[in-house]
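Dear colleague,

Please find below the structure that I am handing over to you.

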Amino acid sequence: MCGNNMSAPLPAIVPTVRKATAVAIFLHGLGGTGHGWAEAFAGIRSAHIKYSCPHEPVMPVTLNMNMAMPSWFDIIGLSPDSQEDENGIKQAAESVKALIDQEMKNGIPSNRIILGGFSQGGALSQYTALTTQQKLDGIAALSCWLPLRASFPQGPISGVNRDISILHCHGDLDPLLPLMFGSLTVERLKTLVNPTNVTFKTYGGMMHSSGQQEMMDIKQFIDKLLPPID
């Protein structure tokens, strides 16, 4: 199947209690679905924010012996110097930009949209936000890395999101993507966007997963950036 959202079902949605004036789009990790994160956001939602958790299309993943599973793009390896699926990452970013476009057509301005994700989804959310011409309000990136980092400039990006707010979270006992990945990613992000807008939070005892404190930090980040406007 091709790596775009046409081969995946519609996103899992946490609907708003009243008219939506903001959207948080959150991308799950390898092999998952949007339903788990929609459930998590239902527990911390704000009445005016729609939470949209799309599902990855199914494709063979090199890292998992070419088994077909939900994946935003192919993953060849997990070391910092592993080869990357450049075409797949760029194609997946276009799918995410199309989701943002759809929300804008629904009447939500792009600067009332936050993009986020966990693991592979967090990686894609960062890459998309830093390469799109849609001016977004923030990125909530959990337990992840920055894909195609060599493709970014040495100095700040020239795009519309160079002042974007970023919350980057990582567990200090992550066995899959060690904390070093988070630290190196945050240092790189600080060279690409306004460094005062980049926040790095680590969680003691947390593995490659999420936790209650992290979810409360995400809620605080989203609610601060997307306050009610009516």
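**A loop residue and two helices**

In this predicted model, Glu 84 is located in the loop that runs between strand S5 (67–70) and H2. Its relative accessible area is 29%, so Glu 84 counts as partly exposed. Beyond its neighbours within four places in sequence, Glu 84 is in contact with Ile 76, Ile 89, Trp 145, Pro 147, Leu 148 and Arg 149. With Leu 148 there is a polar approach: a polar atom of the Glu 84 side chain lies 3.0 Å from the backbone nitrogen of Leu 148. Phe 73, eleven residues away from Glu 84 in sequence, is 9.3 Å from it, C-alpha to C-alpha.

Helix H3 (residues 120–131) has twelve residues, which at 1.5 Å a residue should span 16 Å; the end C-alpha atoms are 17 Å apart, in agreement with this. The helix is mostly covered, with eleven of the twelve residues buried. The cover over these buried residues includes strands S2 (22–27), S6 (113–118), S7 (138–142) and S8 (165–171), as well as helices H2 (86–105) and H4 (179–192).

H4 comprises 14 residues and extends 20 Å from its first C-alpha to its last, close to the 20 Å expected. Its buried residues are Phe 181, Gly 182, Thr 185, Val 186, Arg 188, Leu 189 and Leu 192. Viewed down the axis of H4, these fall within an arc of 165 degrees, and they therefore line one face of the helix. The buried residues of H4 pack against H3, S8 and strand S9 (198–203).

With kind regards

Conventions. Residues numbered from 1 in each chain as written. Predicted model: local features only at pLDDT ≥ 70, side-chain atom pairs only at ≥ 80, totals over all residues. Heavy atoms only, no water. Helix = DSSP H or I, 4+ residues; strand = E, 2+ residues; numbered from the N terminus. Expected span 1.5 Å × (residues − 1). Buried < 20%, exposed > 50% of the residue type's maximum accessible area, 1.4 Å probe, protein only. Contact = heavy atoms within 4.5 Å. Polar contact = N/O pair within 3.5 Å; in protein donor to acceptor, adjacent residues only side chain to side chain. Arc of directions from axis to C-beta.
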